[in-house]
Amino acid sequence: MDKIKVGLQYWIPQHGLTRLVGKLASAKAGGLTTAIIRWFIKQYNVNMAEAKHADPAHYKTFNEFFVRELKDGARPIAQGDEVITHPADACVSQFGPITDGRLIQAKGHDFSAQELLGGDAALAEEFKDGTFATLYLSPRDYHRVHMPCDGTLRQMIYVPGDLFSVNPLTAENVPNLFARNERVVCIFDTAFGPMAQVLVGATIVGSIEQVWAGTITPPRGNTVHKWDYPAQGHNAVVLKKGDEMGRFKLGSTVINLFAKDAIRFDDSMQNGAPTLLGTPYAHKQ
């Protein structure tokens, strides 16, 4: 059955299906929308007690529900300049060193940092012998992505690609998954060097948005696009630790890359462990 689930992903019209689901998720269907949201909450055991608006009827579309805000104070941000915090509610898929320019995807699979970053060799060199972490957002999770530390946006890169599922089963069976799926790469300059925060698309992920630029995808393209940002001035994008930086409609994966000797992961980090936005993730070296 697992082979069938994975094999079907090579045959289904990934982009067409995703466009269709995206349209349905953005439709205002009144009572039907509310019924679908109620079913989703029950099916995935979504904790609505921590949502700013707990009543499913509040949300006019499924997308509004999916990127729901949390109550003020629901995710306290760990303080301290040396503390780097989790950017999302998720699950640790993999983490560790970037070895020979490659990141572990799953047992028996790895992928290139250069490919992940849109083919930019000079950018990948900034993370040579550094560290990475891959965080998987499940359907039940809060789907806004926040900053793990203070940072100034240097560059954003849209990389077109496939839309395979990014769940653990697919990660274990589809080679080069995270470097072949559509993604938005954000490069930040921080007090401890460059940091990449990569939002990876997936099947039925209808949209990836950034707070400074709005919706990046759709529309989906066939070429890599890059946007450069100034370090200072009116157009600079400067975000504080805990600030929202992007969101998924519907959810997916976040990958962080850090430079060599920049950070050490918190002792709580382990593969398969749940993460909570704002809790300690790593510490400056």
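**Strands, burial and cores**

Q: Which residue stands opposite isoleucine 263 in strand 18?
A: Lysine 284 in strand 18 stands opposite isoleucine 263. The model is predicted, with local features needing pLDDT of at least 70 and side-chain atom pairs pLDDT 80 or more, while totals for chains, interfaces and linings use all residues. Residues are numbered from 1 along each chain as its sequence is written, and side-chain values use heavy atoms, leaving out hydrogens and water.

Q: What makes strand 16 and strand 18 a pair?
A: Two strands pair if DSSP finds at least two bridges between them. Strand 16 and strand 18 (residues 280-284) are joined by three bridges, so they pair, and they run antiparallel. Strands here are DSSP runs of E with at least two residues, and helices are runs of H or I with at least four, both numbered from the N terminus. The protein chain has eight helices and 18 strands.

Q: Why are strand 1 and strand 16 said to stand at the edges?
A: The open sheet has three strands in the order 1-18-16, paired antiparallel. Strand 1 (83-85) and strand 16 (263-265) each have a single partner strand, so one side of each lacks a neighbour in the sheet.

Q: Why is cysteine 186 called buried?
A: Buried means under 20% relative accessible area, exposed over 50%, and partly exposed in between (1.4 Å probe, protein chains only). Cysteine 186 has a relative accessible area of 0%, so it is buried.

Q: What makes strand 8 mostly covered?
A: Seven of the eight residues of strand 8 (residues 183-190) are buried. Strand 8 pairs antiparallel with strand 7 (residues 151-159) over seven bridges, and eight bridges join strand 8 to strand 9 (residues 193-200), again antiparallel. In strand 9, glutamine 197 is the bridge partner of cysteine 186.

Q: How do you know that the count of disulfides comes to zero?
A: A disulfide is a pair of cysteine sulfur atoms within 2.5 Å. By this rule the count is zero.

Q: Which residues touch the most other members of the largest nonpolar core?
A: A nonpolar core is a set of buried Ala, Val, Leu, Ile, Met, Phe, Trp, Tyr and Cys residues joined through side-chain atoms within 4.5 Å. Of the 36 residues in the largest one, Cys186, Phe188, Trp212, Met245, Ile263, Phe265 and Tyr281 touch the most other members. A second, separate core of 24 residues includes Ile98, Leu103, Phe178 and Ala196.
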